[in-house]
Every structure is written in C-alpha cells, then in structure tokens.
Amino acid sequence: MSAQEEPRSDLTVRQDEAVRLEDSAEDLYENAPCGYLSTYPDGRIARVNATFSTWTGWAPDELVGQRIFAELLSAGGRIYYQTHVDPLLRMQGEVRAIACDLVTRDGHRLPVLVNFRLHSDSTDRPLAVRITVFDASQRRAYEDELLEARRRAELAVTRLGAVEAVVADLAAAPGMAEVTEIVQRCATTVFGAVAGVVRLAPTVPAGAPARPVDVSGPRDTAGSAAARVRAGEVVRLIGADAAAALPDLDAALPGQGDVTLVPLRALERTLGVLALRGPPASDEDGTRLLQTLGRQAGQALERARLSDEQRQVATTLQHSMLTTELPDDPRLGLSTCYRPAGDLLQVGGDWYDAFLLDPDTVAVVVGDVVGRGLHAAAAMGQLRSALRALATLGDGPGALLDRLDRFVDGVPAASMATLVYAELDLRTGELRYACAGHPPPVVVDVAGRPTLLWDGRSAPLGAMFRSASDGAGATRPEATTTLHPGSRLTLYSDGLVEQRDRPLDETIAELAELLGTRAQEPLESWTAAIADHVLVDGAGDDDVCLLTIAFAPDPTFAVTVRGSRASVSGMRADLSHWLQTHDIIGEDHDAVLLACSEVVSNSIEHGYADRGDGPVEVLATLQPDVVRVRVRDHGRWRPATRPATGPAGPEPSDRGRGLALVRALMSEVSVEHEVGTVVTMHRRTGCRAAGLPGCRADGLPG
Amino acid sequence: MDVLARNNVRVSGRPEGPPIVFAHGYGCDQNMWRLVTPAFEANHRIVLFDHVGVGGSDLTAYDAEKYADLHGYADDVLDICHALELTDVVLVGHSVSAMIGVLAATKEPALVSRLVLVGPSPCYIDQPGYTGGFSATDIEDLLSSLDSNYLGWSTAMAPVIMGNPDRPALGEELTNSFCRTDPTIARRFGRVTFTSDNRADLAAVTVPTLILQCSEDVIAPAVVGTYVHEAIAGSTLVTLAATGHVPHLSAPGETAAAIAAFLAER
C-alpha cells in the first residue's frame with residue numbers, strides 16, 4: 001500500500017480517500033460490494049450495477065427493460081416474493097433481509113440476502129423499488145447448519161422419547177414374535193422408514209459361536225454387508241446396491257430404494273437384522289439411535305428366545321408326562337383333563353397320573369409343584385417318577401407320603417408340592433387315600449350324591465417331619481372309604497377352585513355340588529366339561545388338572561375259578577344267572593356262556609396242566625349292546641398239539657381247537673401272553689331281539 | 001369459542017349496509033385490504049379477519065387436523081358470517097382465499113350472494129391437461145424458502161417504517177402488525193395452499209362470480225383465470241391492467257372500481 005511506502009499522517013490518508021470516493025460515485029455504484037438494482041413499480045428492471053451483473057452472469061442489457069426481478073429468483077423464491085415480499089413492500093415501503101436464491105445465467109443458485117425499499121414521490125405514488133443484494137453463501141451455509149442443528153435437536157428429542165417407549169415395550173414383550181413385531185413397527189413410527197422387516201439369524205443355541213446372518217446374492221457385496229452387520233455395524237446400501245446384494249431382503253420390503261441394515265445384538269453376537277427401506281436417519285444421531293435400538297432389540301430377542309425355549313421345553317416335558325398310557329381295566333373308567341393357565345406365559349407344575357399297582361389295584365394322583373416354568377416342570381417330572389416307583393412298595397398312601405418327604409429333601413424344587421394320592425381295590429371298592437396340603441377329592445355316588453373326602457390330610461411335602469429320616473415309620477395320616485359300583489372319584493388341582501375374593505371352602509363345596517348334578521353325563525368328556533363350566537373363557541390364572549376315576553361303571557361279573565371242573569360248572573351257573581338278570585338271553589346268552597366256559601377250560605387244561613389248581617379270573621362287564629369278558633390265568637403257556645386238520649386258519653397262540661369255536665361265538669377275541677394268558681373278547685348284543693336284517697351277532701357261523 | 005376473537009374480526013363501514021367480507025391470501029393478513037376498503041365504507045358493512053395462524057388471530061385455535069385442507073378455513077369464514085348474523089354476503093377472496101370463498105359459497109349458497117375471486121387458482125401444480133404454473137418441485141422449493149427465512153423472520157416481517165417519513169400514510173398502528181405469522185403454521189398453510197386441488201369444486205358454484213385476473217401474475221397466470229372463468233357458469237372475468245399478484249395493493253383504485261362495477265350489476 002502507498003501508505004506504507006510513504007508514511008503520512010492518518011488524517012491525510014482519510015482525506016485523500018474521501019476525495020477519491022467523492023470523485024467516483026458512479027464507480028461506487030457499479031462496483032459496490034453488493035448488487036444494486038432498481039425496478040419500476042411493476043417489477044421491470046430499470047437498472048443494475050456491475051457487481052450484480054457479474055454475480056449473476058447476466059449482461060445489463062439482458063436485464064434492463066427485459067425482465068422483472070422476481071424472474072431471477074428460484075421458483076420458491078418467486079412465490080415467496082409474490083405472496084410475502086411484494087404485499088409487505090407496498091404496505092410498509094421497505095422489506096429487509098429476505099433470504100432467497102438467485103438463479104444465475106448458467107443455472108446455478110446463488111444464496112443472497114435482499115433488501116427492498118419502495119421509492120415514492122411526494123404524493124405517495126410509487127416510482128421505483130431499490131434493491132440491494134448481498135452474497136449470503138457463507139451466511140446461508142451457516143444458517144443451514146443452524147437450521148439443521150435445530151432440526152436434529154428436535155428430531156433427537158422426538159426420537160429419544162419414541163425409543164424410550166420402544167424400549168419399554170421391548171422389556172414387556174413376552175416372546176420372539178412380539179419383539180419382532182415391535183422392532184418392525186418402530187422402523188416406520190420412530191425412524192420414518194417406508195417399511196421395516198426383521199430377519200433372525202439361523203437359530204443359535206445359547207453360548208454357541210455366532211453364525212452368519214442368512215443373506216444370499218453376489219458373494220462380495222452381500223458377504224461384506226453381512227460381515228459388517230455381523231460385526232455390529234449399521235450398514236447402508238444405496239438403492240440398486242441393495243437390490244443386487246440382498247435380493248431376498250429387498251423383495252421383502254415394499255417399494256424401492258436404499259436399505260439400512262441394523263444389527264440386533266446381544267452378548268457380542270448378532271442375533272438378527274432389522275432392514276429398513278427408505279431414508280431413515282442418515283445422520284450420525286440417527287445411526288447411533290438405530291444402534292441403540294439394535295442393542296435393545298437384541299437383548300430383548302435373547303431374553304425372549306431363552307424364555308421361548310424354556311417354555312417350549314417345559315411344555316414338551318409336561319405334555320410328555322400327561323400323555324403316558326393310562327390303565328385299561330373293565331372295572332375302571334378314566335377321564336382326565338389338563339388346562340394350561342390363560343396367559344400361556346409359563347407352564348405350571350400340575351400333573352395327574354394313574355397306574356396299576358397290581359392287577360386289582362389302581363393308583364391315582366393329582367399334584368401341584370410350586371412355581372412355574374422349566375424348573376417347576378422338571379421338579380414335577382422327578383416327583384412323578386419318584387411317586388410311581390415308591391408306590392409299588394405297596395405300603396399305602398401314608399407311608400408313600402413319608403417317603404416323598406424324604407425325597408423332596410434332596411429335590412428342593414419339589415418341596416412344598418401338594419398332592420392327593422389314592423389306591424383303589426378294584427375287587428372290593430376299598431379306597432385308601434392321603435392328602436398332602438391338597439384340596440380334598442370328591443366322590444359322587446351313582447345317585448349323584450357328592451362327598452368330600454376331608455380325612456387323611458397332612459401338610460405339603462417337605463413341610464413337616466424334617467427328621468423323618470430316622471425311619472420311625474409312617475407318620476403321615478391316611479384314610480379309608482369304600483366306593484360303591486358306579487361311583488366317580490375326582491381329584492383336581494387348586495386352579496379349579498381358587499377364585500379371587502372367595503373362600504376356598506365355598507368354591508370347593510360348589511365344585512362338589514356341580515360334580516353331583518352332572519354325574520349322569522358320559523365319563524369320557526366329563527372332566528373337560530367340568531373344566532369348561534368352572535373356568536371362565538376356558539382358562540384360569542393358574543393351570544388346572546382334573547382326573548376322574550369311575551369305579552365299576554358298568555354291571556360286572558367277577559369270579560375266580562380254582563382249577564377244577566366242579567368250580568367251572570359253578571362259574572357257569574353264576575354267569576348264566578348274571579346274564580339273565582341283565583336281560584342277556586337266547587342266542588347271546590348261550591354264545592357268551594359257551595365261549596367263556598371254553599376259555600376257562602382251556603386255561604385249566606393248558607395253563608395249569610402241570611400245577612393243578614392255579615386261579616383263573618373271569619371278569620364280565622355289560623355295556624349297552626355289548627358283553628365284554630376277560631379271562632386271565634397265571635399259568636405257563638404251552639403250544640397245543642396241533643391236529644392235522646382244523647376248522648380255523650393258523651393261529652400261533654392257539655391253545656386248542658376251542659379257540660376257533662370262541663372266535664365264532666364272539667365278535668372279537670384277542671389273546672395275550674405275559675405272566676400268564678389273558679383272553680379278552682366281546683360280543684355285540686343290542687339288536688338280537690329285534691331280528692332286524694344284518695343284526696346277527698358278528699362272527700357267528702351263517 | 002369466540003369466533004370473532006379467534007379470527008381477529010374487524011367490522012367497519014355502514015352498519016346497516018350490505019356486508020362485504022374480505023378474506024386475505026397466503027403470506028399476509030387483513031392489512032392487505034386497507035387500500036381498497038375505503039371505497040366501500042360509505043355504503044357497505046366491511047368485515048375483515050385473519051385466518052387462524054396469521055396476524056392477530058388466536059394461535060392456540062390452530063388445529064392441524066382441521067386445517068389440513070381448505071375446508072377448515074371455509075368453515076371459519078361461515079362461522080364469522082353466522083356470528084355476525086350476516087345475510088346476502090359478498091365474499092371477496094384473494095389468492096388461496098378465492099378457493100376458500102368457493103368452498104364457503106358451495107357449502108352455504110343461501111348465505112353468500114356474490115363471490116369476488118382475486119387472482120384465483122384452483123390448483124397451483126401442473127396436472128395432466130392442466131397448467132397450474134408450478135411443478136411439485138417448485139412447491140418443495142417454496143417450503144424450503146420458508147425455512148430459510150425462518151431465522152430472518154423477525155427482520156423480514158417486522159415493519160421498518162419507523163423513521164420512514166416518505167410513507168406517512170402508513171400510520172403508527174401498523175408497527176409490528178403486518179403479516180405476523182407462526183413459522184410452523186405458515187409452513188403447513190403453505191403446503192395446504194399450494195398442494196390443494198379444488199378444480200372439481202368450481203362447477204358447484206351457483207352464485208354470481210367475478211374473477212379479477214392481473215396481468216403478468218406468476219402465481220395465478222392468465223390461463224388459470226380463464227380456466228376458472230370457464231368452470232364457473234355465468235362468471236365474469238375481468239383482466240386488470242395491474243401486474244403481479246396483489247392488485248388491491250398495487251392498483252387499489254382499479255381493483256375497487258372493478259368490484260364496485262360488479263356489485264352494481266343487478
């Protein structure tokens with residue numbers, strides 16, 4: 001600068017410059033550090049300065065008289081000018097600091113700040129509009145940043161609130177399906193994606209090393225995307241890349257465009273991926289939030305997976321225990337029912353069981369292990385097996401409970417379990433039972449009179465006699481009663497009688513009454529019908545077990561023959577009388593009597609040929625239209641000396657010619673050899689008197 | 001709710017005269033009518049108001065759902081007429097309020113006796129077979145212009161007429177009173193205004209209608225004015241010498257004369 005070359009006083013410098021400016025007002029106008037324009041009141045440009053011309057690339061003669069100012073603005077700016085600036089300018093004479101974009105001659109946008117002032121004559125008539133234009137590129141960039149920051153702050157607050165809500169939802173989600181649904185939904189509601197879809201990694205057992213998310217497509221792109229997601233990175237695939245790299249995922253998402261992959265992670269493993277379509281949060285905050293969501297969702301998935309798995313195992317366990325084969329005896333009817341708790345969240349520890357202690361004694365039990373879930377189901381399984389094993393010792397219900405007390409000492413999860421256990425002698429109807437902290441069984445006699453069995457009660461398992469290991473003998477009480485033929489004994493778990501705000505005595509009495517009034521209904525569906533009646537909507541808060549045993553539900557003829565011909569004829573006379581008493585006469589009578597005699601004779605002749613007077617048990621029951629007979633001996637089976645010709649085909653278990661005859665007389669015959677031999681047979685009888693066509697007893701020779 | 005307070009309703013002119021309701025357009029408020037209303041004060045009852053979200057209206061009355069389309073605004077106009085117990089209303093609507101007036105007149109044709117549409121456009125965005133003057137992109141550009149001016153809003157909108165001796169006509173009461181608007185509402189109103197398509201509503205207009213079309217109006221070009229004229233049976237189209245989009249400010253005399261001539265027709 002000249003001021004440096006030739007030092008002069010400050011005052012002199014200022015005066016010189018002032019003079020120079022005065023001299024070149026025209027130059028000041030043309031080359032001012034801002035654009036100047038004047039327009040006529042109708043907007044046509046009247047004059048522009050060189051600065052404006054340079055900035056916009058328009059030569060002055062292309063503008064002056066040719067264009068209106070608003071035309072030089074972007075479309076939005078043009079509308080803004082017409083709707084906001086022009087009215088204001090006309091009303092208040094001046095408008096300042098309007099931010100808009102000039103479109104330069106070569107089509108670029110130049111961010112500017114514009115001031116307008118209306119120049120009027122003395123009568124207030126507009127003469128011209130004077131416009132100054134300032135380059136606002138820098139400032140606009142800064143403002144954009146401010147706006148962006150503001151937008152981000154607002155967005156962050158909104159999203160944070162939404163993510164918090166999602167996290168709360170995730171914490172409450174009971175299973176994988178619910179977690180998946182919540183995560184997919186928040187893709188659109190929180191992150192503004194067009195759609196979201198969750199894909200879970202192939203099932204990973206807890207503790208196993210991570211396996212790849214299942215993605216298919218060209219190996220390089222899909223592979224690297226998968227690897228990055230696996231490593232916990234949020235990955236964005238641009239439009240076509242997404243379709244090419246992950247065709248499956250891309251097809252699962254509606255629409256087209258970018259796809260964002262968010263790993264769902266827990267314990268340093270990627271359990272799945274949330275794929276979002278559309279422009280969700282491409283900023284850093286959004287990515288961080290997506291990552292947070294992924295972590296929260298991953299943990300929820302892990303929790304849900306474990307809980308699903310446990311529930312599955314517990315359900316399977318319980319199911320397997322409740323579906324074992326129940327005893328089949330003509331003197332016995334059984335009906336069982338299990339209802340899981342209404343919310344299905346947790347498997348309970350209820351169970352029922354029925355098994356034969358010996359050929360004439362059936363044992364039944366309903367029990368309830370404290371707690372829910374896998375532990376309860378496992379404890380229930382152990383207790384059930386222990387009970388089956390210990391019951392065969394044959395010491396009776398009281399002693400059995402004592403032994404179970406000792407057993408649960410070693411299985412804490414089974415401690416405080418309650419159960420009711422009963423042994424029924426199928427010959428006499430004698431019932432021995434004991435109740436460990438469990439609701440009392442109900443007996444309903446053939447007339448429908450209910451009785452609650454309140455005796456033989458003691459505390460839940462493990463709750464007493466901690467020192468019972470001294471082997472001092474049975475200390476748990478038991479009780480005895482007799483069931484009359486046609487009675488039904490019902491055992492149940494407390495889920496059936498526990499109701500909020502109602503005393504247990506009352507609901508138990510109510511149940512007994514219900515069982516009484518419905519005593520005539522068919523046994524098979526009986527327990528289910530009772531459960532339906534008691535449980536609102538078919539399920540309660542707790543799981544429910546019901547077991548009903550019907551004693552000698554049908555007329556029964558039972559006699560044991562000692563191996564002599566005399567006792568066989570005595571049995572024949574008794575059976576004949578019993579059949580006639582129950583209106584089995586004529587052909588049916590003769591056929592059953594003959595078949596029965598034949599089988600018993602066979603047993604005596606062949607089963608006990610070498611021992612003499614082994615017992616042969618004959619059991620006949622009468623159901624509508626059918627007579628069932630079971631003959632059982634404890635002898636040793638010997639093959640018969642087969643004759644050269646026989647009336648029947650080959651029969652490996654044939655004990656003689658008699659069996660062919662028996663087959664002819666009865667509708668169906670089966671022979672089993674175990675300890676001894678059991679012959680089970682029946683004959684249909686219902687239509688014998690009517691003489692209807694086709695009503696001949698099956699199997700009779702024609 | 002006090003409708004008159006909600007919409008900042010101002011009544012002037014001859015109390016027993018036939019009423020004229022002036023509805024301002026997008027971007028401004030009732031002040032924009034100040035240069036034409038004097039022409040009618042002697043014989044008419046003048047009703048001015050601000051749309052909710054603008055000027056002196058009650059911002060708390062803004063309901064995004066109600067004002068998601070122009071019907072909410074039309075209902076407000078009718079509310080005002082009922083609150084003032086007006087009959088045989090002449091409804092003058094500028095820009096977006098021209099369409100608001102169309103909706104109001106079709107909702108209650110018995111209430112509105114005449115319509116004056118200043119710079120109307122039933123649809124700003126070009127559609128197949130229809131020229132509105134703007135593309136959807138242009139409208140997005142406008143909405144981002146609104147954002148850009150958000151920071152400068154106070155300076156842009158605050159009148160700077162203090163110490164402005166060459167405009168004495170603008171009295172002191174105007175200070176800080178022009179076109180105040182809530183930025184969020186302005187953005188929404190802008191979107192509703194420029195994305196509306198009310199072409200189908202025009203045919204339902206049965207009252208005598210005057211269309212005032214400016215020369216060189218980039219917001220509502222002449223083809224659009226012609227379209228409106230053809231769609232409303234029996235309407236009158238007057239093309240003003242005035243340029244731009246706000247003839248009532250740029251050429252108040254010509255505008256007032258055209259309206260007066262229309263009202264004089266019987």
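What is the mean pLDDT of chain B, and what share of its residues reach 70 or more? The mean is 86, and 87% of the residues of chain B reach 70 or more, where pLDDT is the predictor's confidence in each residue, from 0 to 100. The structure is a predicted model, in which local features need pLDDT of at least 70 and side-chain atom pairs count only at pLDDT 80 or more, while totals for chains, interfaces and linings use all residues. Residues are numbered from 1 along each chain as its sequence is written, and chains are lettered from A and ligands numbered from 1 in the order in which they are written. For the complex, the predictor gives an ipTM of 0.83 and a pTM of 0.49. Over residues 151-177 of chain B, pLDDT stays under 50. For that stretch the model has 42 contacts beyond four places in sequence, a contact being a pair of residues whose C-beta atoms, placed from the backbone, lie within 7 Å.

Chain A contains 19 helices and 25 strands. Helices (H or I, at least four residues) and strands (E, at least two) are DSSP runs, numbered from the N terminus. Of the 702 residues in chain A, 39% are buried. A residue is buried if 20 or more other C-beta atoms lie within 10 Å of its own, exposed if 12 or fewer, and partly exposed in between, with C-beta atoms placed from the backbone. Among the contacts in chain A with a separation of 6 or more, 63% join residues 24 or more positions apart.

One open sheet of chain A consists of five strands in the order β2-β1-β5-β4-β3, with antiparallel pairing. Two strands are taken to pair if DSSP finds at least two bridges between them. The edges are formed by β2 (45-48) and β3 (94-103) of chain A, each of which pairs on one side only. Neighbouring strands of this sheet are turned by 25° against each other on average, direction ignored. Axes are lines fitted to C-alpha atoms, for helices over the stretch in contact, and angles run from 0 to 180 degrees between N-to-C directions. Helix α6 (residues 75-92) of chain A packs on the sheet and touches β3, β4 and β5 of chain A; the direction of this helix makes about 160° with that of β3(A). Nine bridges connect β4 (residues 109-120) and β5 (residues 126-135) of chain A in the antiparallel sense. In this pairing A:His119 stands opposite A:Ala128 of β5(A).

A further open sheet of chain A has five strands in the order β10-β20-β19-β15-β16, and the pairing is antiparallel. Its edge strands, β10 (332-339) and β16 (450-452) of chain A, each pair on one side only. From one strand to the next, the twist averages 15°. Strand β19 (residues 488-492) of chain A is mostly covered, with five of its five residues buried. Both faces of β19(A) are covered: A:Arg488, A:Thr490 and A:Tyr492 lie on one side, and A:Leu489 and A:Leu491 on the other. This strand is joined by three antiparallel bridges to β15 (residues 442-444) of chain A, where A:Val442 has A:Thr490 as its bridge partner. Five bridges join β19(A) to the antiparallel strand β20 (residues 544-551) of chain A, and A:Leu491 is partnered there by A:Leu547. Helix α16 (residues 526-534) of chain A lies across β10 and β20 of chain A and runs at about 35° to β10(A).

Helix α15 (residues 504-517) of chain A has 14 residues and reaches 20 Å from its first C-alpha to its last. This is close to the 20 Å expected at 1.5 Å a residue, the expected span being 1.5 Å times one less than the number of residues. The buried residues of α15(A) are A:Ile508, A:Leu511, A:Ala512 and A:Leu515. Seen down the axis of α15(A), these buried residues fall within an arc of 100°, so they line one face of the helix; the arc is that of the directions from the helix axis to the C-beta atoms. An α-helix has 3.6 residues a turn, so residues three or four places apart point the same way. The buried residues of α15(A) are covered by elements including β15, β16, β19 and α16 of chain A. On the face turned away from the buried side, α15(A) carries the exposed residues A:Glu506, A:Glu513 and A:Thr517.

In chain B, B:Trp33 is placed in the loop between β2 (19-23) and β3 (45-48). B:Trp33 is buried, with 24 other C-beta atoms within 10 Å. Leaving aside neighbours within four places in sequence, B:Trp33 is in contact with B:Phe22, B:His24, B:Leu48 and B:His248. The C-alpha atoms of B:Trp33 and B:Val246 are separated by 9.8 Å, although these residues are 213 residues apart along the chain.

Key. Two residues are in contact if their C-beta atoms, placed from the backbone, lie within 7 Å.
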